[in-house]
Amino acid sequence: MVLHRVHHQILRSHHLFEPLNEEQMEELLNASQLLNLDKGDNLFHQGEPAHNFYFVISGAVKVYRLTPDGQEKVFEVIGNRQTFAEAMMLMDTPNYVASAQAVCPSQVYRFSNAAYMRLLEANQRLTFALLGKLCVRLHQRINEIETLSLKNATHRVVRYLLTQLARVKDDSNSFELPMAKQLVAGHLSIQPETFSRIIRRLIDEGIITQEGRQIAILDRQRLEQFE
């Protein structure tokens, strides 16, 4: 497979691929596919055999389940440089426990679970390197859960805005929300109207401005201290 250098660098920055040497990376990529998705395209449905995991190069994918009464429950929206469905592989779960669908035009790598597991089984050092990476990720997730569980909705929104700002690489004070406000609210486990109300308060206080999905931070210090 001919792989664009930029994609190679992006993949290398992720904990699942960082421990791989060049030969292992090439073997894994030979068993992968680069998918170009339109909004609404499905990657898999709940109950289907879990043969693959995925990495988002660009765009966004929602992971969701349908309740018995037909309501959609979004568990997570996966953005750039994130993987999803790898838990099925590492837990040896035979079927996907949720569904995945692109929420906007997206570019996604589909990797073979079997190919990745062959690499782990053949290289003990790789297995331990991955285990170390996953332990770090676990501690990060625990901190995120604590924030979601113990902090109020305003704190969650403020932390989210500061996190998005920190990802801007050109020292800009503005960024674009990576998904619709309703999806952001679901990610933060708050109601969409609550999210909108908090954003309105921040605008009224002169701390931020908003133009569509574009957010500009006017006073970072006040935002950090806002409760």
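Predicted model: local features only at pLDDT ≥ 70, side-chain atom pairs only at ≥ 80, totals over all residues.

Me: How are α1 and α2 oriented to each other, and which residues make the contact?

Reply: Helices (H or I, at least four residues) and strands (E, at least two) are DSSP runs, numbered from the N terminus. Axes are lines fitted to C-alpha atoms, for helices over the stretch in contact, and angles run from 0 to 180 degrees between N-to-C directions. Angles under 35 degrees count as roughly parallel, over 145 as roughly antiparallel, 65 to 115 as roughly perpendicular and the rest as oblique. Here the axes of helix α1 (residues 5-12) and helix α2 (residues 22-30) cross at roughly 110 degrees and come within 13 Å. The two helices α1 and α2 are therefore roughly perpendicular to each other. On the α1 side the contact (heavy atoms within 4.5 Å) is made by His8, Leu11 and Arg12, and on the α2 side by Glu22, Met25 and Leu29. By class, the residues of this contact of α1 with α2 are three nonpolar, one polar and two charged; Ala, Val, Leu, Ile, Met, Phe, Trp, Tyr, Cys and Pro count as nonpolar, Asp, Glu, Lys and Arg as charged, and the others, Gly among them, as polar.

Me: How many aromatic pairs are there?

Reply: A pair of aromatic rings is described by the distance of the centres and the angle of the planes. Rings of Phe, Tyr and Trp (its six-membered ring) pair if their centres lie within 6.5 Å; planes under 30 degrees apart count as stacked, over 60 as edge-to-face and the rest as tilted. By this rule there are 10 aromatic pairs. In one of them, the rings of phenylalanine 17 and phenylalanine 111 have centres 5.0 Å apart and planes at 40 degrees, so the pair is tilted. Phenylalanine 17 is in the loop between α1 and α2 and phenylalanine 111 in strand β8 (residues 106-112), so that the pair links distant parts of the chain, 94 residues apart. Both phenylalanine 17 and phenylalanine 111 are buried, a term for under 20% relative accessible area, with exposed over 50% and partly exposed in between (1.4 Å probe, protein chains only).

Me: What kind of pair do phenylalanine 53 and tyrosine 116 form?

Reply: The pair of phenylalanine 53 and tyrosine 116 is edge-to-face, with 5.6 Å from centre to centre and 85 degrees between the planes. Phenylalanine 53 lies in strand β3 (residues 52-58) and tyrosine 116 in helix α4 (residues 113-122), so the pair ties together parts 63 residues apart in sequence. Phenylalanine 53 is buried, at 0% relative accessibility, and tyrosine 116 is also buried, with a relative accessible area of 0%. Ring pairs link Phe17, Phe53, Phe55, Tyr109, Phe111 and Tyr116 into a cluster.

Me: Which residue lies over the face of tyrosine 64?

Reply: A charge sits over a ring if NZ of Lys or CZ of Arg is within 6 Å of the ring centre and within 35 degrees of the ring normal. Lysine 62 lies over the face of tyrosine 64, at 5.3 Å from the ring centre. Lysine 62 belongs to strand β4 (residues 61-66) and counts as buried at 11% relative accessibility. Not counting residues up to four places away in sequence, lysine 62 touches Glu72, Val74, Glu76, Val77, Ser99, Ala100, Gln101 and Val103.

Me: Is lysine 39 buried or exposed?

Reply: Lysine 39 is exposed, with a relative accessible area of 64%. The loop between β1 (33-37) and β2 (42-44) holds lysine 39, which touches Ala102, Val103, Cys104 and Pro105, residues up to four places away in sequence not being counted.

Me: Which residues have a positive phi although they are not a glycine?

Reply: Among them is arginine 81, with a phi of about 65 degrees. Arginine 81 lies in the loop between β5 (72-78) and β6 (83-84) and is partly exposed, at 43% relative accessibility. Alanine 85 has a positive phi of about 75 degrees; this residue is in the loop between β6 and α3 (86-90) and is buried, with a relative accessible area of 15%.

Note on methods
Residues numbered from 1 in each chain as written. Heavy atoms only, no water.
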